[in-house]
Protein chains: 2
Amino acid sequence: MTFFGVQEAIAAQLVRTVAGAELDRAALEERFARAAWTGIAEPGDGAAGVLVGALGPSRALTALIDRVPPEQLGVEVSDTGGQLDTADLTEAVARWQPRLKSALALLALRQAGRYGMRLLIPGDPAWPDGLADLGPHGPLALWVRGDVSALDRLARSISLVGARAATGYGEHVAMEASAGLVDRGFAIVSGAAYGIDGMAHRAALASAGTTIAVLAGGLDRFYPSGHEALLTRIVASGLVVSEVPPGTPPTKWRFLQRNRLIAAVSCATVVLEAGWRSGSLNTAGHAAALGRPLGAVPGPVTSAASAGCHRLIREYDAVLVTNAAEMAELAGEPAPEPGGDPASRSAEDTRVLDALSERTPRAVDDIAQRSGLSLATVQSVLGALELDGAASLRERGWVRTT
Amino acid sequence: MTFFGVQEAIAAQLVRTVAGAELDRAALEERFARAAWTGIAEPGDGAAGVLVGALGPSRALTALIDRVPPEQLGVEVSDTGGQLDTADLTEAVARWQPRLKSALALLALRQAGRYGMRLLIPGDPAWPDGLADLGPHGPLALWVRGDVSALDRLARSISLVGARAATGYGEHVAMEASAGLVDRGFAIVSGAAYGIDGMAHRAALASAGTTIAVLAGGLDRFYPSGHEALLTRIVASGLVVSEVPPGTPPTKWRFLQRNRLIAAVSCATVVLEAGWRSGSLNTAGHAAALGRPLGAVPGPVTSAASAGCHRLIREYDAVLVTNAAEMAELAGEPAPEPGGDPASRSAEDTRVLDALSERTPRAVDDIAQRSGLSLATVQSVLGALELDGAASLRERGWVRTT
């Protein structure tokens, strides 16, 4: 274990801290290797996923450090069924090589410890089930801050996402949706951005619900900085999650990759407001690709901030949702029993009522002519309407009563 | 021809006036009979449609006047394949009988002549093709006021309907939609109600477009009375249509039946604003039942006036439409070529750009580490970005240029 061996005692202690449990040497090595991998491969790197899946994180890392020729790795990798040939692997090794420095992994672990982070890896009880659907593109580990048990609530969760440049309308809808879903026992997942995301988290906190923020950068420095206080509150009662190690700045690429996590961990994704080219459409695309239910909230067609939502409904088969109940239904909650409609009138009832006046009493033959119904039908309908209290017989004929 | 014979010369003259053409005796009789039928059977009366279809309007009327026993009529009717047995016909005759008065038909024709109406019957060149889809429930004749040639424009037409209790938003959208569709050569069909309907007609008139109003009552008295001036303007440049004869008040039943005509005559129906139980949903239901494309315009989920539109999209498979172009596409106009997207970046472009600073020049190996890409990839991407003008090489490294 060249990599791990460099400063073994320090590394082992750092890993123990973020693992939050005593581990044997093999487990420590695996956890250390996964921590290192999160800094070596960019989020969503399928080659890393296949290699780590095939060899295990520790052996894969050692092979990399030992500069095992890719064609030898490739032979082993092909056993996994992952789609990765020697050329792919050669290219992958070339992009991992510049980051292959043990100091980087140690620094990340040290920072993580300082901020009270935990490192979760596949197989941990709290590891979100939904991530399995990402296959080799799934995260190699997750850095988290806050209450890890929040992840247990993902079984009944929904992602609420939307534009940073939200309108008052969008924020209002986000607030109502988030609070309503919390009331129904849902955990709220979002990306902690300004606008819709922030409102979704805030409303969940205000309703004493569980909320999980998934960030694109390292958790040593919250982004956006204006949401430092909000994210600190989420750490206190929910969970903040990232797949990149501390010290990693959020980049456009990492935002796009972060969005796949938001879509994957929750039961359904709802876009509340989004411009025509909003990043939220990317999250929506991930949700659809993963087969997760996708909803979008409509808004005024005159509002650019709703154009992306309308596009999702028109072009991407998103379900139009207007309130928390419909969002819960999207996420798998059984639809409420349709409320009993007020007694609906038959066609003949309508036609007889149309022919009655409230003030002028009318004879049955007059009503028959006006309604275009036979005398017999009119008489029978009038009898039923009288029982209903909708018509009554006066001295000079029938009137409509209200 | 007992019925026609009563006051033959007068009747013939009245029919000639509303026919707008010289006709032989058989044609006069047919047209008179259809005019009479519009007053005898309520709109949508399938038994009348089957009987008139089987015997012809004149023979069917004579049989009714001569009180031919229904079981004898039934035998003949069964030949047509219409679903009408003797019991149905007995019931139908019983509801037609109270209205079987030649004076009523003569009065209607006299009124029609006075208001400059025309009577259209199936087979007339202007008869709308779409009505055939209503089968035996189609109108037996149409009373019209205005420019009959407006009906030729139905081949490229759209019905814009919606709530009477429209909001400012709904009226704005109706105006934009109607004007935009007129610009695309569409005729606008609606129901002349307050709110959305009125705005759709007005905007069409303002754009010098063709507009057709379909009313639920007789055309001697425009309903609603507040739209008297609007309907008079429609008569001047478009057409006002009803299937009931002059003197017939609009009733709830007739509004519901009128809605089927709006749906049937146009190429597509769009609901612009509608409450949860709006009558517009009835029009939408007819459009869907007739296989006509159905669209609905979304609005704020906080607006009760859009709840019906959202319901149509959620529950009735209506297509969400946000502007005139999308409505035109709904009505069969080929979708516009998708506009060229601004040169979209590849994943590697994005990652290299993410790793560049605008101010701090960076070396290729630094960029490789930041982006998680190989040196070779970074060098090749930088070359392309430099050609694009998105990156440039300074003395001390690469920077992003904007």
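In helix α13 (residues 280-289) of chain A, five residues are buried: A:Ser280, A:Leu281, A:Thr283, A:Ala284 and A:Ala287. They sit on the same side of α13(A), because they cover an arc of only 155° around the axis. That arc is taken from the directions from the helix axis to the C-beta atoms. An α-helix has 3.6 residues a turn, so residues three or four places apart point the same way.

Some terms and ground rules come next. Buried means under 20% relative accessible area, exposed means over 50%, and partly exposed lies in between (1.4 Å probe, protein chains only). Helices (H or I, at least four residues) and strands (E, at least two) are DSSP runs, numbered from the N terminus. This is a predicted model, in which local features need pLDDT of at least 70 and side-chain atom pairs count only at pLDDT 80 or more, while totals for chains, interfaces and linings use all residues. Residues are numbered from 1 along each chain as its sequence is written, chains are lettered from A and ligands numbered from 1 in the order in which they are written, and side-chain values use heavy atoms, with hydrogens and water left out.

What covers the buried residues of α13(A)? The cover includes β3 (157-161), α12 (252-265), β7 (269-271), β8 (294-296) and α14 (307-315) of chain A. After the helix comes A:Gly291, whose phi is positive, near 75°.

**Salt bridges**

Side chains of opposite charge can pair when their charged atoms come close. Here a salt bridge is a side-chain nitrogen of Lys or Arg within 4 Å of a carboxyl oxygen of Asp or Glu. Over all chains, this rule gives 32 salt bridges.

| Pair | N to O distance | Relative accessible area |
|---|---|---|
| A:Arg16 and A:Glu22 | 3.0 Å | A:Arg16 26%, A:Glu22 62% |
| B:Arg311 and B:Glu315 | 3.6 Å | B:Arg311 17%, B:Glu315 45% |
| B:Arg370 and B:Asp366 | 3.0 Å | B:Arg370 37%, B:Asp366 25% |

Take the chain A pair. A:Arg16 is partly exposed, and A:Glu22 is exposed. Now take chain B. B:Arg311 and B:Glu315 both lie in helix α14 (residues 307-315), four residues apart, about one turn of the helix. B:Arg311 is buried, while B:Glu315 is partly exposed. B:Arg370 and B:Asp366 share helix α17 (residues 364-371) of chain B, again four residues apart. B:Arg370 is partly exposed, and B:Asp366 is partly exposed too.

Salt bridges can also join up. A:Glu8, A:Arg25 and A:Glu29 are linked in a network of them.

**Where the chains meet**

How many residues does each chain bring to the contact? Chain B brings 46 and chain A brings 46. Contact means heavy atoms within 4.5 Å. The size of an interface is often given as the accessible area lost when the parts come together. Buried area is that loss (1.4 Å probe), summed over both parts. Between chain B and chain A it is about 3,800 Å², and carbon and sulfur atoms give 59% of it. In chain B, the residues that lose the most area to chain A are B:Val301, B:Arg314 and B:Gln369, together 18% of what that side buries.

Four salt bridges cross the interface of chain B and chain A. One of these joins B:Arg314 to A:Glu329, with the closest N and O atoms 3.6 Å apart.

Notes
Buried area = accessible area lost by both parts, 1.4 Å probe.
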